[in-house]
Structures are given as structure tokens and as C-alpha cells.
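Please have the sequence and the model open while reading.

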Amino acid sequence: MTMTPLETEIRRRIALAGPMPVRQYMTLCLADPKHGYYMTRDPLGRAGDFITAPEISQMFGELIGLWCAAVWHAMGRPENVRLVELGPGRGTLMQDALRAAQVMPAFRTALVAHLIEISPALRRRQQETLRTLDVPMLWHNSFDEVPDGPVIVIANEFFDALPVHQAVKQINGWYERTVGIDHADNLAFSIADEPIPLFDQLLPQQVRDAPLGALFEWRPDNIALQIGRRVARQGGAALVIDYGHTESAPGETLQAVGRHGFADPLGTPGEVDLTAHVDFQALALAAESMGVRVHGPLEQAEFLRRMGIERRAAALKANLSAEQAIGIDVAAARLTGEGRTGMGKMFKAVAFADPKLGALPGFVR
Ligand code: SAH
């Protein structure tokens with residue numbers, strides 16, 4: 001089997017410096033400037049490797065646009081607001097959100113859109129999608145480049161793409177999981193020589209009590225801290241939607257996906273998407289430590305229903321043929337459904353808001 005160019009590079013680094021932490025492996029696979037998965041391609045959509053909620057239906061982005069407009073209103077309608085999207089993919093969510101936000105023209109006039117995107121390929125795609133909109137737009141590499149002031153932040157399927165650390169519990173502590181080369185000359189998982197000092201004390205009780213051999217994944221939650229600090233100090237709110245678990249728990253969720261199917265995470269580095277579930281408890285704790293109020297998490301299905309997906313679907317269907325209307329029903333079922341293809345239960349929505357805002361749309365009945 002031929003080796004991907006990134007595998008050659010990873011083997012070179014392992015030969016030089018020894019096995020690398022899973023987090024470093026995942027970072028190279030996704031974001032290596034030359035060979036990283038997101039840096040070189042547009043992986044989204046039916047023809048790509050996976051499909052996301054905004055690509056399934058315009059209703060998703062529209063409801064988020066209404067959420068943003070309502071939050072802006074609750075903020076006291078500031079004259080200038082930064083509408084920030086983390087990892088905007090093809091720009092579809094932003095496009096649908098801004099169209100829906102036309103119901104509140106003053107909000108459209110007040111906002112500047114800030115798109116946080118590391119991939120040159122997807123940036124081009126976003127610029128193409130959003131080209132004709134009459135809203136000022138700026139692109140950045142990271143959240144901390146967004147200028148001071150009140151913000152409304154949205155992130156769909158962004159956090160799952162951030163690299164995770166993995167550690168394995170042994171009798172005398174937790175050991176960082178690494179990627180090295182085994183006796184058969186294949187990339188293989190292994191663990192570090194020494195346990196991570198004092199790691200146990202940082203873990204929530206239910207993780208600390210896990211049996212020997214258990215695996216725990218975590219992200220250094222810098223972005224959650226930055227968002228929490230910005231929202232708490234300068235006002236606004238953030239909405240995060242992703243798949244994951246409500247409470248921190250042991251277990252491996254690192255997965256590789258290519259061409260709409262599962263793949264081996266070590267098989268073709270740089271050619272497949274790598275993700276891991278979002279630990280909503282850890283995310284919320286990080287943001288909360290900065291002084292925001294946490295709303296949710298609740299299941300995506302419940303969030304979308306409270307935001308009015310049924311009404312929106314009916315309105316769209318009213319202008320369509322019976323055949324086209326079925327497409328709307330199928331999309332709504334996919335976004336809110338349970339089971340293997342449904343996103344409604346697996347995906348969660350959580351918001352971090354300035355405590356002054358009170359109740360938030362979508363998070364109250
Ligand atoms: N939100 C979009 C795309 C999700 S895919 C949707 O729902 O369709 C993940 C997105 O995050 C891609 O745009 C990817 O290029 C971007 N991304 C991944 N890691 C990033 C990072 N560290 N900083 C900024 N963007 C990142």
C-alpha cells in the first residue's frame with residue numbers, strides 16, 4: 001500500500017523524536033499547512049466525506065439566524081456587534097442565518113461578520129458563498145483576533161474537529177497515549193513511559209473512578225476560555241452545537257471518516273477526517289469559570305423545536321410541490337430524528353451568555 005505524504009512526514013518525526021502524543025498526531029492530520037485534511041480540500045456535502053446540519057437544510061442556519069437576532073435584541077440592541085462563526089465550512093450556515101436575520105433589519109445593519117477559519121481551501125469556498133451579501137466580513141485564523149466589543153458567537157461541528165489528548169489509566173496513574181511505529185513497521189498506538197504528573201486531581205470524580213485500562217480524552221479548552229472571557233466582560237452570547245456527551249466520561253470516541261464511512265484513524269493520515277466527541281461538561285466548566293451563565297446543554301431536536309423548526313418547515317412547504325415538500329420533511333426528520341441517521345439526540349446545543357441577558361431563545365420553553 002502506498003503511504004500518504006503526511007505519513008512519511010509523521011514517520012520522519014517519530015524516528016527523530018520518538019512516539020508523539022495522539023493530540024499532536026491529530027493536529028498534523030487536520031491542520032498541517034501542507035498535508036492537513038482541512039487545509040487542502042472541501043470535505044463537506046453529499047459529494048464529500050461527510051455532511052453537516054447546514055448542508056442538510058437551510059432551516060438549520062435560518063433558525064440560528066433568528067436566535068442571533070433575538071440575542072442581539074436581548075443585549076439591548078447594541079449599535080455594533082461582532083457576529084463570529086468558528087469553522088464556517090462552506091459558509092452555508094452564515095448565508096442562511098444572515099438571510100433569516102433580515103426580519104430584524106437593524107440587527108443586519110449593526111453587525112460585522114467575523115469568520116474564523118484556518119483552511120485556505122474553505123476560506124475560498126466561504127468567500128464564494130457569501131460574495132453577494134451586503135454585510136461587512138472579515139476572516140481570521142483564531143478567535144483572539146476578533147476586535148474588542150460585544151459578540152454573538154456560533155459554532156456548529158467546530159469543537160469536534162479540535163485535536164484531543166488521550167490518556168490511559170494504569171495502576172500508578174494516567175499515561176498519555178501516543179502514536180509510534182510497531183514491530184511490523186506500522187503506525188500504532190502506545191503509551192508514554194511515565195504517567196502524567198498529578199493528572200488524577202484534575203479529573204472529575206466519575207472519570208477518576210474508571211477501571212484500569214480506561215481511556216480519557218480531553219482538549220485544552222483555550223477557545224472556550226477565550227469565548228467565556230469575552231462574553232462575560234464585553235457582553236453577548238455564544239451558541240455551540242456539536243455531538244458529544246453531557247457529562248465527562250471515560251471512553252474512546254476518536255474516529256476517522258472518509259467518503260461517508262468509518263476509516264482507520266492511523267490508516268491514511270491527512271486523507272480522512274479525524275474527530276472526537278465534545279465533552280460538554282468540560283466545555284461548560286471552562287466557559288463558566290470566566291463568568292458566563294451556561295444554558296443547556298439540550299438535545300439538538302429540542303433546541304430546533306423550541307426555535308420553531310416545525311413552523312419553518314410548514315412555511316417552506318406551502319410554496320412547494322408535494323414532491324419537493326417531502327424533501328423538507330426528510331431534512332427536518334434528519335435534523336431532529338433519533339437512531340443511526342438522526343442528528344436530534346446525538347447533537348447537543350449549549351449557550352454561554354452574559355448573565356445580564358436572562359433567559360435565551362431555544363433554551364426556554
Ligand atoms: N460549521 C461547518 C463546518 C464544520 S467542519 C458546518 O457545520 O458545515 C469544521 C470546520 O472548522 C471547517 O471549516 C474547518 O476548516 C474548521 N477548523 C478546523 N479546525 C480549526 C481551527 N483550529 N481553527 C479554525 N477553524 C478550524
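Predicted model: local features only at pLDDT ≥ 70, side-chain atom pairs only at ≥ 80, totals over all residues.

How many salt bridges are counted between domain 1 and domain 2? The count is one salt bridge.

**Domains**
- The domain assignment gives domain 1 as 19-31 + 164-218.
- Domain 2 is assigned as 53-163 + 219-308 + 345-354.
- A distance of 28 Å separates the C-alpha centres of domain 1 and domain 2.
- Domain 1 puts 25 residues into the contact, and domain 2 puts in 25 residues.

**Buried area**
- About 2,000 Å² is buried between domain 1 and domain 2, with 66% of it on carbon and sulfur atoms.
- Of the area that domain 1 buries against domain 2, 25% is supplied by Met-26, Leu-30 and Glu-217, more than by any other three residues.

**Polar and charged pairs**
- Arg-177 and Glu-252 form a salt bridge, in which the closest N and O atoms are 3.0 Å apart.
- Nine residue pairs in polar contact are counted between domain 1 and domain 2, both residues being at pLDDT 80 or more.

**The side of domain 1 that touches domain 2**
- At least two residues of this side come from each of helix H2 (22-31), strand E6 (165-170), strand E7 (173-181), strand E8 (187-191), helix H9 (205-208) and strand E9 (215-218).
- H2 gives the largest share of this side, eight residues.
- By residue class, this side of domain 1 has 18 nonpolar, four polar and three charged residues.

Note on methods:
Residues numbered from 1 in each chain as written. Heavy atoms only, no water. Domains from an automatic or database assignment. Contact = heavy atoms within 4.5 Å. Buried area = accessible area lost by both parts, 1.4 Å probe. Salt bridge = Lys/Arg side-chain N within 4 Å of Asp/Glu carboxyl O. Polar contact = N/O pair within 3.5 Å; in protein donor to acceptor, adjacent residues only side chain to side chain. Helix = DSSP H or I, 4+ residues; strand = E, 2+ residues; numbered from the N terminus. Nonpolar A, V, L, I, M, F, W, Y, C, P; charged D, E, K, R; others polar.
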